[in-house]
Amino acid sequence: MPGNCAFLHVLVAQGRGIQSELETSRIPNPAVQGASSEGHGLLHCPEPPHSQCWSDGPPHSVQSLYPMELMPKAETKLYTQRWIMLLLFSFCSTSNALMWLQYGIISNIFMRFYSVDALAINWLSMIFMLTYVPLIVPGMWLMDVRGLREAMLIGAAFNCVGSWVKLGGVEPDLFPVAFFGQFVCSVAMVFILGVPPRLASLWFGEREVSTACSIGVLGNQLGIAIGFLVPPILVPNVEDLDELAGHIRVMFYITAGVATFLFILVIIVFQERPDIPPTQAQAAARLIPAESYSYTSSILCLLRNRPFILLIISYGLNVGCFYAVSTLLNQMIIKHYPGEEVNAGRIGLTIVIAGMVGSLICGIWLDRTKSYKQTTLAVYVMSLVGMLVYAFTLSLGHLWVVFITAGALGFFMTGYLPLGFEFAVELTYPESEGTSSGLLNCSAQVFGIIFTICQGKIIEHFGTLAGNLFLCAFLLIGTILTGFIRSDLRRQMANQLAKTAVSTEH
């Protein structure tokens with residue numbers, strides 16, 4: 001794998017001030033044998049005998065290396081446009097996430113409109129999770145090989161087309177058309193959901209990359225929040241089906257118009273990356289030839305990384321529980337509080353707004369402390385506690401109690417999302433951020449489908465308490481697995497290596 005050696009050469013040659021992101025590069029497992037004073041101070045890096053990866057962390061010899069000579073520091077610059085790129089992506093993510101919950105949060109209304117059962121309406125949400133699993137590999141490949149802009153264009157295009165297809169399915173006998181529209185929108189999610197860590201790496205500096213990733217995740221959460229709040233307001237539970245169809249069309253016209261406007265903006269405004277890189281790491285990554293990158297080798301390296309595998313499972317368990325709670329929230333609230341469709345949406349809104357606050361706080365905290373393992377474990381434990389409290393208070397008969405407990409649950413469970421992304425980047429450095437986040441999201445979709453189906457059946461036969469305790473059991477398993485993740489912060493180690501190199505020069 002020639003690209004492995006190329007990365008280490010560039011990394012050390014650009015040693016001063018290297019930042020905490022790297023695009024698509026590799027480091028070999030065998031011990032590097034020393035620094036050479038020839039070739040502009042590049043390290044001598046022998047070809048690994050079996051193209052091995054760091055499955056248990058970098059060798060000690062790599063940790064102690066520093067260059068004998070350093071090339072001049074590359075020019076870096078932070079562009080104001082980075083915030084435009086981030087906000088435009090966030091709005092696209094908001095639009096797509098809204099599509100996910102448009103049916104589920106008023107499931108009882110759509111069950112009557114289309115004359116279908118609860119499971120059919122649940123599949124209008126679960127199709128997003130099911131589509132993601134087989135398409136994530138080509139989706140990650142496209143982002144890695146073709147770039148961020150093309151991934152955004154494809155995602156925004158599918159989101160736009162799907163929103164108009166759904167509008168064509170607003171007739172009681174056209175449920176298959178509505179389902180197909182949801183499927184088209186779900187394809188868009190494949191190209192949108194894993195963007196935040198990649199966009200943050202390409203456009204933002206070291207001290208703001210975790211915060212930028214959190215803001216990107218906030219876009220998805222904002223869409224979920226709007227999906228909880230707006231449909232119950234725009235689509236009241238009226239008896240006349242023609243009047244009901246009119247309300248549904250108004251909602252879909254609004255979402256289709258917004259999706260179309262955002263697609264046009266992506267075509268005109270969205271850029272792949274800045275002309276001048278924001279960090280020394282990005283400057284180094286641009287010097288690596290594209291032909292040195294192997295997508296298959298990248299996947300295999302990640303699958304040999306035991307701490308990352310534990311994170312994939314624990315992340316999937318946590319986010320899968322969130323997907324199940326979000327999809328079945330209307331059914332749980334209506335079961336104990338009949339006729340409270342609007343308040344069900346408001347409770348969902350409370351969950352997500354609290355989670356947005358949690359995500360932002362966690363991102364800022366990580367940028368300042370770099371305490372990835374400790375913060376992730378603490379938030380996971382509190383997600384379990386929040387789920388237990390929510391489970392036992394849902395049936396008390398007081399909606400204000402449900403608002404409080406749901407908000408506490410959302411603060412930690414939804415706040416966990418950017419933590420998982422950033423911890424994964426640390427554990428898998430220098431693999432592509434899009435690949436690691438894609439695998440995390442794939443795990444979440446698989447567990448989301450399983451949990452939604454199982455919890456739905458448990459609620460139907462045994463009640464909401466049993467269904468929520470079912471999720472608590474898996475959150476407990478996820479907490480234990482998180483405790484076993486070794487805090488192998490490779491990206492931070494690379495920063496320290498570069499700083500050591502600079503200090504030795506001076």
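Reply: Salt bridges and buried contacts

Glutamate 171 and arginine 249 form a salt bridge, with their closest N and O atoms 2.7 Å apart. (A salt bridge is a side-chain nitrogen of Lys or Arg within 4 Å of a carboxyl oxygen of Asp or Glu.) This pair links distant parts of the chain, 78 residues apart. Glutamate 171 is in the loop between α6 (148–167) and α7 (175–192), while arginine 249 is in helix α10 (residues 241–269). Helices are DSSP runs of H or I with at least four residues, strands are runs of E with at least two, and both are numbered from the N terminus.

The model is predicted: local features need pLDDT of at least 70, side-chain atom pairs count only at pLDDT 80 or more, and totals for chains, interfaces and linings use all residues. Residues are numbered from 1 along each chain as its sequence is written, and side-chain values use heavy atoms, leaving out hydrogens and water.

Is glutamate 171 buried or partly exposed? Glutamate 171 is partly exposed, because its relative accessible area is 33%. (Buried means under 20%, exposed over 50%, partly exposed in between, with a 1.4 Å probe and protein chains only.) Arginine 249 is partly exposed too, at 28%.

How many salt bridges does a search of the whole structure find? The count is 3. One of them joins arginine 82 to glutamate 208, with 3.0 Å between the closest N and O atoms. That pair also links distant parts of the chain: arginine 82 is in helix α3 (residues 81–101), and glutamate 208 is in the loop between α8 (195–203) and α9 (209–234), 126 residues apart. Both partners are buried. Another salt bridge joins the side chains of glutamate 150 and arginine 146, at 2.9 Å from N to O. Glutamate 150 counts as partly exposed because its relative accessible area is 28%. Arginine 146 is partly exposed at 48%.

Now the packing. Tyrosine 132 sits in helix α5 (residues 118–145). Its relative accessible area is 0%, so tyrosine 132 is buried. Leaving aside residues up to four places away in sequence, tyrosine 132 touches Met189, Val190, Leu193, Ser437, Gly438, Asn441, Cys442 and Gln445. (Contact means heavy atoms within 4.5 Å.) From tyrosine 132 to leucine 193 is 61 residues in sequence, but 9.6 Å in space, C-alpha to C-alpha. The side chains of tyrosine 132 and asparagine 441 make a polar contact at 3.3 Å. (A polar contact is a pair of N or O atoms within 3.5 Å; within protein, one must be able to donate a hydrogen and the other to accept it, and residues adjacent in sequence count only if both atoms are side-chain atoms.)

Threonine 452 belongs to helix α18 (residues 433–462). Threonine 452 counts as buried because its relative accessibility is 1%. A polar atom of its side chain lies 2.6 Å from the backbone oxygen of glycine 448. Again leaving aside residues up to four places away in sequence, threonine 452 touches Met126, Met129, Tyr323, Ala324, Thr327 and Leu328.

Finally, the whole chain. It has 20 helices and 2 strands. Of its 506 residues, 61% count as buried. Among contacts with a separation of 6 or more, 84% come from residues 24 or more positions apart. The accessible surface is about 18,400 Å², with 67% of it belonging to carbon and sulfur atoms. (Accessible areas come from the Shrake-Rupley method with a 1.4 Å probe; for residues, only the protein chains shown count as cover.)
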